[in-house]
Amino acid sequence: NNISELEYYLTLTFNTVNRRYQKTKLLVGGVQIALRFTDLTTKTYSKKLDFLTNNIEILRNEILKLFRNCYNGKELRQIGCAFERLTNSKDSLVQMTLFNFEQYNDEDPTDEIIKTFNNYIENNNSKLFRASELLKKDEN
């Protein structure tokens, strides 16, 4: 049970979890590892992230950092990881600070409403129409 070998297996487990996670299109708010020892006792450790993310490198690094901080050298039988606090990006609120406000775009809420409305029309084969289509009819 040397550390580099355990980190290798933890990374393989992470890759499996990440493949399943990528299909969900959700943001992650925390990571968790589970360590089962040869005496069949299990310890789980989790860490809440400072921000929601779907960045693979950040998630992998947080999992490995959590493992390095929590592993006590006892012989392991099984190792696992999971993502916690999964959140839809539309439902997430971001606390801006003086240090990170520049990374957020000033998106016009009207544009978002129009995009949402147009997506609804296209995806639901709705009998609704776009205002721009009315203008085209008047021009002819």
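Helices (H or I, at least four residues) and strands (E, at least two) are DSSP runs, numbered from the N terminus. The structure is a predicted model, in which local features need pLDDT of at least 70, side-chain atom pairs count only at pLDDT 80 or more, and totals for chains, interfaces and linings use all residues. Residues are numbered from 1 along each chain as its sequence is written, and side-chain values use heavy atoms, with hydrogens and water left out.

The protein contains four helices and three strands, and these follow one another along the sequence in the pattern α-β-β-α-β-α-α. Of its 140 residues, 25% are buried, where buried means under 20% relative accessible area, exposed means over 50%, and partly exposed lies in between (1.4 Å probe, protein chains only). Contact is defined as heavy atoms within 4.5 Å. Among contacts between residues at least 6 apart in sequence, 69% join residues at least 24 apart.

Two packed helices are described by the angle between their axes and the distance between the axes. Here, helix α1 (residues 3-22) packs with helix α2 (residues 56-70) at an angle of about 140°, and their axes are 10 Å apart. Axes are lines fitted to C-alpha atoms, for helices over the stretch in contact, and angles run from 0 to 180 degrees between N-to-C directions. The two helices α1 and α2 are therefore oblique to each other; angles under 35 degrees count as roughly parallel, over 145 as roughly antiparallel, 65 to 115 as roughly perpendicular, and the rest as oblique. The crossing of α1 past α2 is right-handed, a term used if the near helix is turned clockwise from the far one by less than a right angle, with left-handed used if anticlockwise.

On the α1 side, the residues that meet α2 are I3, L6, E7, L10, T11, F14, N15, N18, Y21 and Q22, and their partners in α2 are I56, L59, R60, I63, L64, F67 and R68. By class, this contact of α1 with α2 has ten nonpolar, four polar and three charged residues. For this count, Ala, Val, Leu, Ile, Met, Phe, Trp, Tyr, Cys and Pro are nonpolar, Asp, Glu, Lys and Arg are charged, and the others, Gly among them, are polar.

In soluble globular proteins, nonpolar side chains tend to be buried together. A nonpolar core is a set of buried Ala, Val, Leu, Ile, Met, Phe, Trp, Tyr and Cys residues joined through side-chain atoms within 4.5 Å. The largest such core has 22 residues, of which L10, I33, L35, L59, F67, L76 and F83 touch the most other members. Two or more residues of this core come from each of α1, β1 (28-37), α2 and β3 (76-84). Helix α2 gives the largest share, six residues.

K25 is in the loop between α1 and β1 and counts as exposed, at 68% relative accessibility. R85 is in the loop between β3 and α3 (109-123) and is partly exposed, with a relative accessible area of 46%.

Helix α1 also includes T16, which is partly exposed at a relative accessible area of 35%. The C-alpha atom of T16 is separated by 9.7 Å from that of C81, 65 residues apart along the chain. Y8, in helix α1, is partly exposed at 49% relative accessibility. Its C-alpha atom is separated by 9.8 Å from that of L64, 56 residues apart along the chain.
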